Amino acid sequence: MRDCKGKFNFTENSGRVVPAQSYTDTWKTPIQINPFDISVTDKIDLQLKYNKLAKSLGADYVDSFMWFINEWKYFASSEGSYIMQDLYRIWAETEPTLVDKSEGKFESIATQIAPLSMGYEYFNKFPFEREIEAAVENTKMKLKSPSVEPGKKDVIIHANNLFLTIHESCGHPTELDRALGYEANYAGTSFMTTEKLGKLKYGSDLVNLTADRTQVGGLATRGYDDDGVKTIEWPIIDKGVFVNYQTTREQAKYIDQDVSYACAYADSWSHFPIQRMPNVSLKPSSEKRSLEDLIADTDDAILVIGRGSWSIDMQRYNFQFTGQEFWEIKNGKKGGMINDVAYQGNTVDFWNSCDALCDESEYYLGGSLFCGKGEPGQISPVSHGAVPARFRQINILNTKSQI
Amino acid sequence: MIFTKEESKELINKIISYSKADSASVSLSGSNSNNLRFALNTVSTCGAINSISADITSNFGKKSGSVRITSIENESIEKGIRMSEEIAKLSPDSEEFMPPLEKQSAYSEVKEYFDDTDKLTPKDISDKVSYTINKAINNDLSAAGYFENETAFYSVGNTRGLFAYHKETSAGFSTTVRTNDGKGSSKIDRSFADINLLDIKKFSDRVIDKTILSRDPIKYDPGKYVTILDNTAVSDMVGNLIGYMNKRSADEGRSFFSDKEKGNKIGHQIAGSKVNIYSDPQSPDAPSSPFSGDGMPVFKTQWIKDGVLKNLYSGRYWAKKTNSQYIPYPTNILMSGSDKTVEDLIASTDKGIYVLRFWYIRSVDPKQILMTGLTRDGVFLIENGKIKAAINNFRFNESPVNILNNIVDMSKSEKVVGSETGDEKIVVPALKLSEFNFSTISDAF
């Protein structure tokens, strides 16, 4: 898709920003069907079909939405760059709610098909109807499921939950502007301060987290950042060691680097480009291991599925996450559903307790369209790839017995 | 871009005159704002944003379509109107369709526009903020912060002759001041319609005093303790609670406010008897729009009176279906306090925790409105009526409903800006609670 016309001029560092090549180029998200060519009626029909399906299976209420986003931007600089980018993003979710009026209880489970940089082919690529059926059936089970016993427990975290843990506990603390203090008044600072670069044992040897703004489907994927720098892939955590930050042309010089990792982004004409997160993803295991294999290898644990609620402190140490579904793992087998689970941890302890990862056959690219940062507030889209992973002796809370 | 009442009316009428639909409504909004951001004791960015937009909704029978335009040239208006009509025609009938609101007889008089705020220049802002930065430098501290002033208007009109207009100003200032060892921090965040209420010197002095007090924190175990929540922490809890007070979800059995027998909890004692929460656009502490987005007049509304739930808000469709009054989401949130200061609450406490702010508050369980989040920018141990030491931050798991049931004492109410409810106009007291659930330690400062 890259239509690089190849005009390269190397500009001297003015002292204020690190140098960058200049480009004359256009870049477009690789899509097959432009969602804006599809009629509103077709979109509404599809959404109502999903709602009807959920209700026919027993949902009392259904919340659902579809998002279609086209971001068009043009970058020109006095250094000679002229870059046009045409970016597409898409997301749909259906969330059935079941109410048990006799017990005064209600539960819901949302489908876990992530937002992606993709066209309308999204609806053919993913099994929406099967996800909706499973959401309704599992919500019925959730209404009747027993409450979790709190305490320290092993957990297998599915990629469709772990992607958000990656976002919060690795994506944010490795933003250089946070580490330096530029976000102190709002998003916060970071425990991953500059003297820890190259030294901090962030996770176990299995943990490799890569930043990438070129990955197909990734929400932070594009040809160039809003400093006009060509996007790339680079390691953030290498065999458990913290090796790199996310940077912009303005920031790289603060840690004596002479190239930018192309992370500048402004969400509209009215906002200043600031450092925003690339797609930060967990590398799958090179050893063959499916989720089924991982479960078979586990004696006593909880399997956490789906994005629930999330919260983390302003330096990114202490987090607490819920999910959509929680299943008991006993003696290598998936057992019944349990409820009211939250897992809580400290970033470095948590990633160091990771002792098994699945292989690439279980790879899932999750993401968010609405990561917030900056003042005035800006939103930014970002994806995180992950595989299911096992973590030893994690603090499990029973959310029902907190108060 | 700011329009007067007459200019707004003229433009809305012009937009409507293009309409070929059965009915249409238009809301017009515009703003001019300046912003300045600073960090590490120096200005990092500043900007100015002027914008205008019109939201057009066209209806055919029970079908509607909406379009937003950000240019008000004739060509854009016509394109916007035609597009909204096209979308409406393509849409299926909505069983919950409500025609535009009829012309309303009167709106409350609200003064939320102040010339002095409107006239603030970028130079005025940088002069004000320089006090904070210089004082931080002189105390060997590091200040980051944000200042924004804005003049905005919102008006709405429709084919049934309704017209409403509101103009407001705001001046917002926040600063986080940190110790250079990264172990101490404090923040203040305030916004007022009238710049003369925003005493930068007073607020900066207060936050710097608190930062100095936050130095050398000691480790303190999590647990349930007597706790004083400063106004800012309370604003996030009360603001979140209001967010759940939707009548429809309650009536449908999918809310904390649902009741098995009666449908919803209106009339139930849900909080301690000292709790009074209401809205009033004419409040001098937090003047706010006297009408909702569709032009419905907003008057003083009691949400919780002496601890009893009095009202839940609902949409027009649900109000009609359940034969109840249409009460839109409030434009401000006010909680009555006492005449005491926070210092009085501290002085009356033998042993307890004092929390200035919360951060990253999220719903954990909507059935009991269980929220999790963290303390941030100042937690202190109180012993024998005095602040004894700064302590570590905590993660909490608590419900705003619990908080309103555990009140021992309260201070006077103050308009503050919360971490997560900053867009709302909230006036609340600081609260002393018999207990508050801190569940784990956070190593962050």
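This is a predicted model: local features need pLDDT of at least 70, side-chain atom pairs count only at pLDDT 80 or more; totals for chains, interfaces and linings use all residues.
**B:Leu40**

My cut-offs: buried is under 20% relative accessible area, exposed is over 50%, and partly exposed is in between, with a 1.4 Å probe and protein chains only. B:Leu40 is in the loop between β1 (23–39) and β2 (42–60) of chain B. I took helices and strands as DSSP runs numbered from the N terminus (helices are H or I with at least four residues, strands are E with at least two). I noted its phi too: B:Leu40 is near 50°, a positive value in a residue other than glycine. Most residues other than glycine have a negative phi, and most peptide bonds are trans.

**Ground rules**

I number residues from 1 along each chain as its sequence is written, and chains are lettered from A and ligands numbered from 1 in the order in which they are written. Local features need pLDDT of at least 70, side-chain atom pairs count only at pLDDT 80 or more, totals for chains, interfaces and linings use all residues, and side-chain values use heavy atoms, with hydrogens and water left out.

**Two backbone spots in chain A**

I found another positive phi at A:Lys239, near 45°, again in a residue other than glycine. A:Lys239 sits in the loop between β10 (233–238) and β11 (241–242) of chain A. With 53% relative accessibility, A:Lys239 counts as exposed.

I then looked up A:Pro376, which is joined to A:Glu375 by a cis peptide bond with omega of about 0°. A:Pro376 is in the loop between β22 (364–373) and β23 (378–386) of chain A.

**A:Tyr82**

A:Tyr82 lies in strand β6 (residues 82–100) of chain A. I have A:Tyr82 down as partly exposed, at 40% relative accessibility. Which residues does A:Tyr82 touch, not counting residues up to four places away in sequence? I listed A:Tyr23, A:Thr24, A:Asp25, A:Tyr74, A:Phe75 and A:Ala76; contact means heavy atoms within 4.5 Å. A:Asp25 is 57 residues from A:Tyr82 in sequence, but their C-alpha atoms are 6.5 Å apart in space.

**Sheets**

In chain A I traced an open antiparallel sheet of 4 strands, ordered β11-β10-β9-β14. I call two strands paired if DSSP finds at least two bridges between them. At the edges stand β11 and β14 (279–282) of chain A, each with a single partner strand, so one side of each has no neighbour in the sheet. Strand β9 (residues 209–212) of chain A runs antiparallel to β14(A), joined by 4 bridges. A:Asp212 has A:Asn279 in β14(A) as its bridge partner.

Chain B has an open sheet of 6 strands with mixed pairing, in the order β12-β11-β10-β13-β20-β19. Its edge strands are β12 (308–309) and β19 (414–416) of chain B, each pairing on one side only. Strand β11 (residues 301–305) of chain B pairs with β12(B) in the antiparallel sense over 2 bridges. B:Ile304 stands opposite B:Leu309 in β12(B).

**Chain A overall**

I counted 7 helices and 24 strands in chain A. Of the 403 residues in chain A, 62% are buried. Among contacts between residues at least 6 apart in sequence, 73% join residues at least 24 apart in chain A. The C-alpha atoms of chain A fill a box of roughly 70 × 55 × 40 Å along the principal axes.
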